[in-house]
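Dear colleague,

I am handing over the structure that follows, together with an account of what was found in it. Please read the text beside the coordinates.

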Amino acid sequence: METALRKLQRKSLKYKMVGMSFQNAPVLVTGGAGFIGANFVLDWFETVGTPLVNLDKLTYAGNPLTLESLKDNPNYTFIHGDICDADLLKRLFAEHRFRAVIHFAAESHVDRSILGPKVFFDTNIGGTHQLLNAAREFYETLTGDERSAFRFHHISTDEVYGTLEPNDPAFSETTQYAPNSPYAASKAASDHLVRAWHHTYGLPTTITNCSNNYGPYHFPEKLIPLILLNAMAGKPLPVYGDGLQVRDWLFVQDHCSAVRAVLERGKPGETYNVGGCNQRANIDVVKTICALLDELLPDSQNVPHSKLITHVQDRPGHDRRYAIDATKIETELNWKPAESFESGLRKTVEWYLANQAWVQGVTSGDYRKWIEQNYSAREVQK
Ligand code: NAD
Ligand code: DAU
C-alpha cells in the first residue's frame, strides 16, 4: 500500500511537472468532513476540481465515510488535525502554499452549546484566531498576483443577528449583531475576529452568514434528519414547545454554490447573507416530512407518520424566527438558489431512504449517548 509520505511526494512532483500556477494551488477547507463542508468538497470536485486539502479534527460530527469516493483522487488530501494547532497550521501553509482558505470547521449544534459551551469557544473563537494568524503570516510572504488572488473565506450563520418578531424585516448585512445562544455568541465573536484581521492587517477576508441548511449527509442531531430517522423507526418526533418557531431553509448545495460565488467574485472585507427565501414553521416542516414518508413508504406500519409528533419542553432561550434577505449576493454576485424547499426536501428524504449504510455508520455509540442526554430531560407537553 502507498504510504502517506509517498502519496505527498507523488503529488508535489505532479504539481511541479504541470508547472503549477497559483490559480491551481490548493485551497484549504477546514471542517470538510462535516455536513456542509463535505457537501462543499464533493461539489468542488464536481465543478472546480483543482487541488483541495481538507483539515478536519473528526469530532463526533466529522465523518470520513462521506468522502470515501475521493480516496483515489490525486487532487484530494485529507489531514486529520485541529484548527487550534498553530504548529500544524504553519506547516500546512508552508508546504501547500494555499491560494485560499474556506473555513467551515466549528462546533455547530445549539443544543450542545447550551449543555457544554466551552468547546464552542475553544474551536469557534480560538481555532478561528489560530487560522487567521497562520493565514496572515503566509499572506505577508506573498507578492504580485499571488497576493491579490489570496482569500480567506469564513462561513458563518444568521444566528449572529438574534431573533425576529413575526413582522420584522429579514436580516440584512447591516442588521446589528445580537447573538442569543452560546453557539451564536461564539460565531459572532469569530466573525468579529475575521473583520478585525481584514481591517487591521489587510487580510483579504470575506464572510457569508447563512440560514438553516438541509440535505444529504446531515448529522441526525439536527431537526430535519432527526425527524426523518425517528419517523422511519416509529419513534416519537420531538417538537420543541409549540413548534411555531420559524427557520429559513436552504438546500446545502445552494449554500456550496454561494460560497464558490463569493470565493470567485466576492469583494475582500465584505459580508454576504445567504438564504433560500423559504421561511417555514418547525411544525410544518415536520408535517411535510411525515407526508413525504407516507407517500414514499406507503406500506410502513408508521403511516400516518404524523401520529408520532410529540411536543416536548422548549430549548432554553429559543430564537423565535430567522429570515435572510439575500438581495446583496443575488444582485452583486449573481447567485440564486436552485432548489425550492419542496424539491430540496424531497431529494433529502429520498437520499436518506437510499443511504441506510451511511445512516447506520453515524447513529451508533456517541450518537446514542447524545440522544439520551438531550431528550431524556425534556418533559412531554400535552
Ligand atoms: P458540522 O458540525 O456538521 O461539521 C463541523 C466539522 O468541523 C466536523 O467535520 C468536525 O469534525 C470539524 N471540526 C470541529 N472542530 C474542529 C477543530 N477544532 N479542528 C478541525 N475540525 C473541526 O457543521 P456544519 O453544519 O457542516 O456547519 C459548518 C459551518 O457552517 C459551521 O461553521 C457552522 O457554524 C456554519 N453554518 C451551519 C449552518 C447549518 O444549518 N448547519 C448554517 C449556517 C452556517
Ligand atoms: O440558522 C443557521 C443555524 O441552523 C446554524 O448556524 C446551526 O449550525 C444549525 O445547527 C442550525 O441551528 P438551529 O438551532 O436552527 O437548527 P436545529 O436543527 O437544531 O433546530 C431547528 C429548529 O428545530 C429549531 O427551532 C429547534 C427545533 N428543534 C430542533 C431539534 C433538534 C425541535 O423542535 N426539535 C428537535 O429535536
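Leaving aside its neighbours within four places in sequence, which residues is S156 in contact with? They are K187, D191, I207, T208, N209 and C210, where contact means heavy atoms within 4.5 Å.

Before the rest, a note on conventions. This is a predicted model, in which local features need pLDDT of at least 70 and side-chain atom pairs count only at pLDDT 80 or more, while totals for chains, interfaces and linings use all residues. Residues are numbered from 1 along each chain as its sequence is written, chains are lettered from A and ligands numbered from 1 in the order in which they are written, and side-chain values use heavy atoms, with hydrogens and water left out.

To return to S156, this residue is found in strand β5 (helices, H or I of at least four residues, and strands, E of at least two, are DSSP runs numbered from the N terminus). S156 is buried, with a relative accessible area of 5%; buried means under 20%, exposed over 50% and partly exposed in between, with a 1.4 Å probe and protein chains only. The side chain of S156 also makes a polar contact with the side chain of N209 at 3.4 Å. A polar contact is a pair of N or O atoms within 3.5 Å; within protein, one must be able to donate a hydrogen and the other to accept it, and residues adjacent in sequence count only if both atoms are side-chain atoms.

Ligand 1

Of the 29 residues around ligand 1, I36, D56, S108, Y183 and K187 come nearest, a residue being near a molecule or strand if one of its heavy atoms lies within 4 Å of it. By class, the shell divides into twelve nonpolar, twelve polar and five charged residues, where Ala, Val, Leu, Ile, Met, Phe, Trp, Tyr, Cys and Pro count as nonpolar, Asp, Glu, Lys and Arg as charged, and the others, Gly among them, as polar.

For the polar atoms of ligand 1, an oxygen atom is 2.7 Å from a polar backbone atom of I36, and an oxygen atom lies 3.0 Å from a backbone N or O atom of T59. A nitrogen atom of ligand 1 is 2.9 Å from an N or O atom in the side chain of D82. The protein covers 97% of the 840 Å² of accessible area that ligand 1 has on its own; such areas come from the Shrake-Rupley method with a 1.4 Å probe, and for residues only the protein chains shown count as cover.

Ligand 2

Around ligand 2 there are 25 residues, and the closest are D158, Y183, R315, H318 and Y375. The largest share of this shell, three residues, comes from β8, and α4 (110-115), α8 (223-233) and β8 (237-240) each supply at least two. The shell divides into ten nonpolar, eight polar and seven charged residues.

An oxygen atom of ligand 2 is 2.6 Å from an N or O atom in the side chain of R315, and an oxygen atom is 2.8 Å from an N or O atom in the side chain of E159. On the backbone side, an oxygen atom of ligand 2 is 2.8 Å from a polar atom of L223. The protein covers 94% of the 690 Å² of accessible area that ligand 2 has on its own.

The structure holds zero disulfides, a disulfide being a pair of cysteine sulfur atoms within 2.5 Å. The sulfur of C210 is 9.5 Å from the closest cysteine sulfur, in C256, and is therefore too far for a bond. C210 counts as buried at 3% relative accessibility.

S211 lies in the loop between β6 (205-210) and β7 (213-214) and counts as buried at 4%. Its side chain reaches the backbone oxygen of D248 at 2.7 Å.

A cis peptide bond joins V303 and P304, with omega about -5 degrees. Phi of R97 is near 50 degrees, a positive value in a residue other than glycine, and R97 is partly exposed at 36%.

With best regards
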